[in-house]
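Me: Got a model open here. Can you walk me through it?

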Amino acid sequence: PMEISLQSATDNFGADTSEQNGIVSEPPPPPPPLAEDKVLVSVEVCLKPSSTARIEDVRSAVEIMLEKRSLSYIDGPVPVPLDDSFLVENVQRICVCDTDEWVENHDILLFWQVKPGVHVFQLSEEGPCEELSGDGQLSSFNEWILPAKEFDGMWESLIYESGLKQRLLRYAASALLFSEKGVDPFLISWNRIILLHGPPGTGKTSLCKALAQKLSIRFSSRYPQCQLVEVNAHSLFSKWFSESGKLVAKLFQKIQEMVEEENNLVFVLIDEVESLAAARKAALSGSEPSDSIRVVNALLTQMDKLKSATNVIILTTSNITAAIDIAFVDRADIKAYVGPPTLQARYEILRSCLQELLRTGILSNSQGLSGRALRKLPFLTHAALANPCICDPSKFLGTMIDTSRRERSEL
Ligand code: ADP
């Protein structure tokens with residue numbers, strides 16, 4: 001077996017620059033910390049399911065621990081110190097998040113440059129609560145208590161370029177802050193509606209759920225309770241037009257009740273909103289019952305009603321950009337195109353898949369070839385090809401693995 005070394009594309013190479021050309025220079029003394037210069041970095045602390053500790057106690061214990069350790073900050077896990085019995089008993093994991101936008105050119109953030117924002121949470125293990133529609137079969141919406149175990153790790157597993165995730169997170173954070181501070185919507189207008197559109201399978205629905213989960217963690221001190229309601233727009237129009245109007249009314253009545261509790265943060269995810277436009281168009285052309293247009297209008301009216309509530313964020317997705325109902329596009333504040341993964345993202349997705357197979361022991365990590373042997377491998381692979389003139393990358397990789405096996409067996 002060949003050595004598989006999976007290096008993250010964003011890993012920090014050569015962060016230590018103190019040794020160059022064999023000359024060891026003294027590291028420069030840290031400048032005095034200036035409070036206003038500090039970078040706010042999120043540190044997420046997941047409690048064990050068994051923990052009954054108070055959030056504030058865990059938060060201050062983690063803050064003290066971070067201060068004592070004087071560590072540098074980079075995205076990833078921070079080990080729970082074994083000599084801290086309180087943390088060992090209560091904390092499942094500690095993770096530094098979202099430093100990447102500050103860490104340019106493989107630089108690192110040092111502890112004195114950082115103000116850690118510690119967010120302590122416990123995952124809900126309740127699972128989705130499914131609501132059945134009138135006929136008892138067609139599920140019209142799902143509901144989760146956030147942060148939910150099902151969505152744990154989803155945010156990290158989604159890979160996009162050009163700061164899309166950060167942009168969404170910051171947008172939602174600003175929207176919640178404006179609401180909380182009571183900014184007058186007649187003077188500054190902002191909606192709490194996000195629309196993600198793009199081809200199917202680009203992770204839009206997952207991104208909405210992951211965003212809701214992230215925000216439920218980040219805003220847990222302001223909103224100790226958080227729910228996600230998922231509605232599939234398509235299912236509202238599938239068969240039971242006469243039922244759909246009632247379904248929408250029932251759904252929004254429920255959401256309204258959740259929103260009335262001011263410590264609740266509510267996310268409403270409406271998937272496949274293009275079906276609203278399709279239903280409206282079909283109704284206008286007379287090919288579908290006019291009930292469907294009533295459903296679309298009911299949905300839009302209900303959404304407008306929700307606008308006055310400050311503790312709700314509406315997340316929507318569409319697979320067909322052109323077909324989204326114009327009334328809908330107008331309502332969304334942030335419209336982000338989510339496209340197919342770029343080369344780097346594709347590499348990163350496949351790398352994380354292999355990493356998981358290694359972690360679970362399904363693939364075994366073995367060693368054996370020297371750097372010199374590895375450098376020679378592509379040449380030997382090329383020589384081993386039956387038809388070296390025409391060769392696609394997958395064939396080449398397959399042959400490369402065979403060649404590495406042969407080389408190892410001949411050691
Ligand atoms: P959409 O709503 O756009 O059709 P989904 O959210 O259903 O897409 O995505 C399906 C799955 O594809 C996701 O759960 C995820 O595992 C994977 N996926 C899609 N895009 C990405 C991406 N950019 N990075 C990582 N995984 C992705």
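**Working notes**

Reply: Start with E272: it counts as buried because it has 22 C-beta neighbours inside 10 Å. Buried takes 20 or more other C-beta atoms within 10 Å of a residue's own, exposed takes 12 or fewer, and partly exposed is in between, with C-beta atoms placed from the backbone.

Me: Where is the place of E272?

Reply: In the loop between β11 (264–271) and α8 (274–284). Helices (H or I, at least four residues) and strands (E, at least two) are DSSP runs, numbered from the N terminus.

Me: And what is phi of E272?

Reply: Near 55°. That is a positive value in a residue other than glycine.

Me: What's the model's origin, and how is the numbering done?

Reply: This is a predicted model: local features need pLDDT of at least 70, side-chain atom pairs count only at pLDDT 80 or more, and totals for chains, interfaces and linings use all residues. Residues are numbered from 1 along each chain as its sequence is written.

Me: Switching to the ligand. Which residues come nearest?

Reply: I159, G203, K204, T205 and S206, out of 15 residues around the ligand. Near means that the C-beta atom, placed from the backbone, lies within 6 Å of the molecule or strand.

Me: Which helix gives the largest share of that shell?

Reply: α5, with 3 residues. α5 (204–218) and α11 (343–359) each supply at least two.

Me: How do the shell residues divide by class?

Reply: 7 nonpolar, 7 polar and 1 charged. Ala, Val, Leu, Ile, Met, Phe, Trp, Tyr, Cys and Pro count as nonpolar, Asp, Glu, Lys and Arg as charged, and the others, Gly among them, as polar.

Me: Back to α5. At what angle do α4 and α5 pack?

Reply: About 50°, with the axes 11 Å apart; α4 covers residues 164–180. Axes are lines fitted to C-alpha atoms, for helices over the stretch in contact, and angles run from 0 to 180 degrees between N-to-C directions. That angle makes α4 oblique to α5. Under 35 degrees is roughly parallel, over 145 roughly antiparallel, 65 to 115 roughly perpendicular, and the rest oblique.

Me: Which residues make the contact?

Reply: L168, L169, A172 and A173 of α4, with L211, K214, L215 and R218 of α5. Contact means C-beta atoms, placed from the backbone, within 7 Å. By class, that contact has 6 nonpolar, no polar and 2 charged residues.

Me: Last one. Where is the cis peptide bond?

Reply: It joins L146 and P147, with omega about -5°. P147 lies in the loop between β8 (139–145) and α3 (154–157).

Conventions: Contact = placed C-beta atoms within 7 Å.
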